[in-house]
Amino acid sequence: MSGRLFEREQPGRSDEAQSASAPLADRMRPRSLDEVEGPAEVVGPNGFLSRAIAEDRVPSLIFWGPPGVGKTTLARLIAAQTSSRFLAYSAIATGVKEMREVLEASRTLRAKAGQRTILFLDEIHRFNRAQQDGLLAQVEDGTVTLIGATTENPSFEVNAALLSRARVLVLRELTPADLVGQLERALAD
């Protein structure tokens, strides 16, 4: 069984997602950082991610926060707005062999075509230390830009060497005011 989360390498809104018959959650998924509710220092107009995306220089990142705060959505937005190839996997369903193949293909693509790869790894805390170590060399040499998502404290669950090569962005639960804004958008839809 493949650990792929999304079928397409470059995520975008499908025709179904744009239609009125699509699930509300899918229709309400932000299509740009402007639509993301979150800390201004991260997603605001002058926030870290806005600047990194505008410069097409997104570093390796670890998104840490509770379920439903937009970790996967942010990874999709980064991929859609940068020139990098986007691959998304779930640490729960991805094995060492498959990850080695992905990393080797990314290395080859970078060498032959200069194409960068963003590797989104959902539930990165579910990878054991050896599996996380397997990513280290490719993150370090720029073969892949790692974006990990976790609900667990990365200081305890992510290998220190890998963690030192990524920026941790803490995503908090939405405030009541944020939720009201989301509800108003949903009602308007």
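**How many salt bridges does the count come to by the rule used here?**

Let's start with the ground rules. This is a predicted model, where local features need pLDDT of at least 70, side-chain atom pairs count only at pLDDT 80 or more, and totals for chains, interfaces and linings use all residues. Residues are numbered from 1 along each chain as its sequence is written, and side-chain values use heavy atoms, with hydrogens and water left out.

*Solution.* The rule asks for a side-chain nitrogen of Lys or Arg within 4 Å of a carboxyl oxygen of Asp or Glu. Apply it and you get five salt bridges. One of them joins Glu35 to Arg31, at 3.7 Å from N to O.

**Exercise 1. Now do the salt bridge between Lys97 and Glu101.**

*Solution.* The N to O distance here is 3.5 Å. Both residues belong to helix α6, and because they are four residues apart, about one helical turn separates them. Lys97 is exposed at 61%; Glu101, at 46%, is partly exposed.

**Exercise 2. Is Thr150 buried or exposed, and which residues does it touch?**

*Solution.* First place Thr150: it's in strand β4 (residues 144–150). Its relative accessibility is 1%, so Thr150 is buried. Next, list the contacts (heavy atoms within 4.5 Å). Leaving out residues up to four places away in sequence, Thr150 touches Ile62, Phe63, Trp64, Gly65, Lys71, Ile124 and His125.

**Exercise 3. Find the aromatic pair and classify it.**

*Solution.* Rings of Phe, Tyr and Trp (its six-membered ring) pair if their centres lie within 6.5 Å; planes under 30 degrees apart count as stacked, over 60 as edge-to-face and the rest as tilted. Searching the whole structure turns up one aromatic pair. Its members are Phe86 and Phe120, with ring centres 6.4 Å apart and planes at 25°, so call it stacked. Phe86 is in strand β2 (residues 85–90) and Phe120 in strand β3, so the pair connects parts 34 residues apart in sequence. Both Phe86 and Phe120 are buried.

**Exercise 4. Describe the largest pocket and its lining.**

*Solution.* On a 1 Å grid over the protein atoms alone, a pocket is an open set of points where a 1.4 Å probe fits, with protein on both sides within 12 Å along at least five of seven lines; lining residues have an atom within 4 Å of a point. Points are joined across faces, edges and corners, and the volume is the space filled by probe spheres set on them. For the largest pocket that gives about 460 Å³. There are 17 lining residues, and the closest to the centre are Met28, Arg29, Pro30, Gly68 and Gln182. The elements giving two or more residues to this lining are α2 (24–28), α5 (71–80) and α10 (176–188). Of these, α10 gives the most, with four residues.

Methods
Buried < 20%, exposed > 50% of the residue type's maximum accessible area, 1.4 Å probe, protein only.
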